[in-house]
Amino acid sequence: MLVSAAEMLNKAKEGKYAVGQFNINNLEWTKAILQTAQENNSPVILGVSEGAGKYMTGYTTIVGMVEGMIKEMGITVPVALHLDHGSYEHALKVIEAGFSSVMFDGSHYSIEENIEKTKEIIEIAHSKGISVEAEVGSIGGEEDGVVGGGEVADVNECKMIADLGVDMLAAGIGNIHGKYPENWAGLRFDVLEGISNATNPMPLVLHGGTGIPEDMIKKAISLGVSKINVNTECQLSFAAATRKYIEAGKDLEGKGFDPRKLLAPGFEAIKATVKEKMELFGSVNKA
Ligand SMILES: [Zn+2]
């Protein structure tokens, strides 16, 4: 059964570790992440972007697939199914489809409008036991067509949004989506500390987890980050393993073209990446 992300994140905040949000794209991604979570006795959040939702033909397909896998694979660790960077319209869609958690990203609105819309989503989601993530200060990266230092959130605005009763808060602290540029200045721990003090005990979310050095991840967790989003890193490890298989000509040997064989190295690579992150975040044996 899918669960809201609230309880697992409150536990993580208290226990000073973080739960990984791993974005899914298809069956292999989902199966690899669920299997790794179970093997490591770790809670897990499956993230779905609007684009991935469309790719997988819609949100009800995803709910069916994930719920089916939890049952068929005998998954007993807590699993939340979460909309990543949802618009107002899509937040309502996933609530209807049966997701257990939703991010409403109103960071591109004025703070007043972000508050108004976040409030509405909270009311609807909470009436169904669904957790809500809100965002303050947009997170930079390729999504915006600009690769820069990453925006830094305003502490007072973070407090205003946290006080609405969201379950987790994403705030820009210099982090960005996708690969980090060579000249990246690093995370703004001074800002993170200020946000953490102002919003405690709210679990904080770190987006753009790919390529942040391990010591920075650990420091961020110690300062109140309880959820870390990982997306690009699984894509890179899947692609590298698949490339290796093809370049070695394995698809031309015997039945190496069978998708169950062709996609196996990428599948194992996702599992290895997820395991590594769960160990780094400290969520192993915290189910
Ligand atoms: Zn993000």
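Predicted model: local features only at pLDDT ≥ 70, side-chain atom pairs only at ≥ 80, totals over all residues.

Reader: What box do the C-alpha atoms fill?

Author: Roughly 60 × 45 × 35 Å, taken along the principal axes.

Reader: How many helices and strands?

Author: The chain has 12 helices and 10 strands.

Reader: And what share of the residues is buried?

Author: Buried residues make up 45% of the 287. Among contacts with a separation of 6 or more, 71% join residues 24 or more positions apart.

Reader: Now the strands. What do they close into, and in which order?

Author: Eight of them close into a barrel, in the order β1-β2-β3-β4-β5-β7-β9-β10, with parallel pairing. From one strand to the next, the twist averages 25°.

Reader: How many bridges between β1 and β10?

Author: Four, in the parallel sense, between β1 (residues 19-23) and β10 (residues 225-230). Q21 stands opposite N229 in β10.

Reader: Which strands does α2 lie across?

Author: Helix α2 (residues 27-39) lies across β1, β2 and β3. It runs at about 165° to β2.

Reader: Switching to α4. What span does it reach?

Author: Helix α4 covers residues 59-72, which is 14 residues. It reaches 20 Å from its first C-alpha to its last, close to the 20 Å expected at 1.5 Å a residue.

Reader: Which of its residues are buried?

Author: Y59, I62 and V66 are the buried residues of α4. They cover an arc of only 60° around the axis, so they sit on the same side of α4.

Reader: Why would residues with that kind of spacing point the same way?

Author: An α-helix has 3.6 residues a turn, so residues three or four places apart point the same way.

Reader: What covers the buried residues of α4?

Author: The cover includes α2, β2, α3 (50-55), β3 and α5 (88-97).

Reader: Which exposed residues are on the face turned away?

Author: T61, G68, K71 and E72. Just after α4, G74 takes a positive phi of about 65°.

Reader: Where is M56?

Author: In the loop between α3 and α4. It touches N26, T61 and I62, leaving out residues up to four places away in sequence.

Reader: Why does M56 count as partly exposed?

Author: M56 has 18 other C-beta atoms within 10 Å. Buried needs 20 or more and exposed 12 or fewer, so M56 falls in between.

Reader: What separates M56 from Q38?

Author: Their C-alpha atoms are separated by 24 Å, and the two are 18 residues apart along the chain.

Reader: Which residues other than glycine have a positive phi?

Author: Among them are K16, at about 60°, and N41, near 50°. Most residues other than glycine have a negative phi, and most peptide bonds are trans.

Reader: Where do K16 and N41 lie?

Author: K16 is in the loop between α1 (6-15) and β1. N41 is in the loop between α2 and β2. K16 is partly exposed, with 14 other C-beta atoms within 10 Å. N41 is partly exposed, with 14 other C-beta atoms within 10 Å.

Terms used:
Residues numbered from 1 in each chain as written. Helix = DSSP H or I, 4+ residues; strand = E, 2+ residues; numbered from the N terminus. Contact = placed C-beta atoms within 7 Å. Pairing = 2+ DSSP bridges. Axes fitted to C-alpha atoms, helices over the stretch in contact; angles between N-to-C directions. Expected span 1.5 Å × (residues − 1). Arc of directions from axis to C-beta.
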